[in-house]
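Here is a short briefing on one protein model. Look over the sequence and structure first, then read the points by topic.

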Amino acid sequence: MALLDMFDNSIDTNRNLLSSMLYTIKSLRNAVAHNNIIFDTRFKDRKINSVLKKWVEKETDIQNITLYSLVDYIIIVCCLLKRVDFSAVRAKKLVKEFKEQNQLLQKNVAPPIYALIIQQNVTHKINALENYLNT
């Protein structure tokens with residue numbers, strides 16, 4: 001974990017952050033691999049670990065990470081990608097594609113349906129994630 005510079009003794013006293021992060025995104029990976037529906041996070045198999053939540057919120061300055069929305073998984077994946085790829089090229093590409101797909105969905109469904117599918121704070125979280133990736 002030191003190589004990724006993710007250790008924060010004030011948050012992660014047991015040094016479980018990386019494993020929590022990997023187990024959290026494992027359910028997303030499995031859903032994608034088995035062609036399951038992911039947009040509504042029905043694949044979710046756990047609540048967010050408090051250490052992971054605190055670290056991601058401190059790292060990105062994005063609040064209310066709950067895993068009840070796909071954007072929260074995107075944020076976690078981007079945090080990890082930024083640590084692995086210091087220019088964050090892959091993370092920025094992922095955010096760009098997510099943003100484009102979100103806009104496409106918004107154009108193609110009625111506003112009440114969109115509001116049922118996508119949480120209200122998605123645009124704010126994506127903008128904040130872009131800011132984080134650009135720093």
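Helices (H or I, at least four residues) and strands (E, at least two) are DSSP runs, numbered from the N terminus. This is a predicted model: local features need pLDDT of at least 70, side-chain atom pairs count only at pLDDT 80 or more, and totals for chains, interfaces and linings use all residues. Residues are numbered from 1 along each chain as its sequence is written, and side-chain values use heavy atoms, with hydrogens and water left out.

**Asn102**
- Asn102 sits in helix H4.
- Asn102 has 9% relative accessibility, so Asn102 counts as buried (under 20% relative accessible area; exposed is over 50%, partly exposed in between; 1.4 Å probe, protein chains only).
- Beyond its neighbours within four places in sequence, Asn102 is in contact with Tyr114, Ile118 and Val122 (contact means heavy atoms within 4.5 Å).

**H1 and H2**
- The axes of H1 and helix H2 (residues 50-60) come within 9 Å and cross at roughly 95° (axes are lines fitted to C-alpha atoms, for helices over the stretch in contact; angles run from 0 to 180 degrees between N-to-C directions).
- H1 and H2 are therefore roughly perpendicular (65 to 115 degrees; under 35 is roughly parallel, over 145 roughly antiparallel, the rest oblique).
- From H1, Leu17, Ser20, Met21 and Thr24 meet Val51, Leu52 and Trp55 of H2.
- This contact of H1 with H2 has five nonpolar, two polar and no charged residues (Ala, Val, Leu, Ile, Met, Phe, Trp, Tyr, Cys and Pro count as nonpolar; Asp, Glu, Lys and Arg as charged; the others, Gly among them, as polar).
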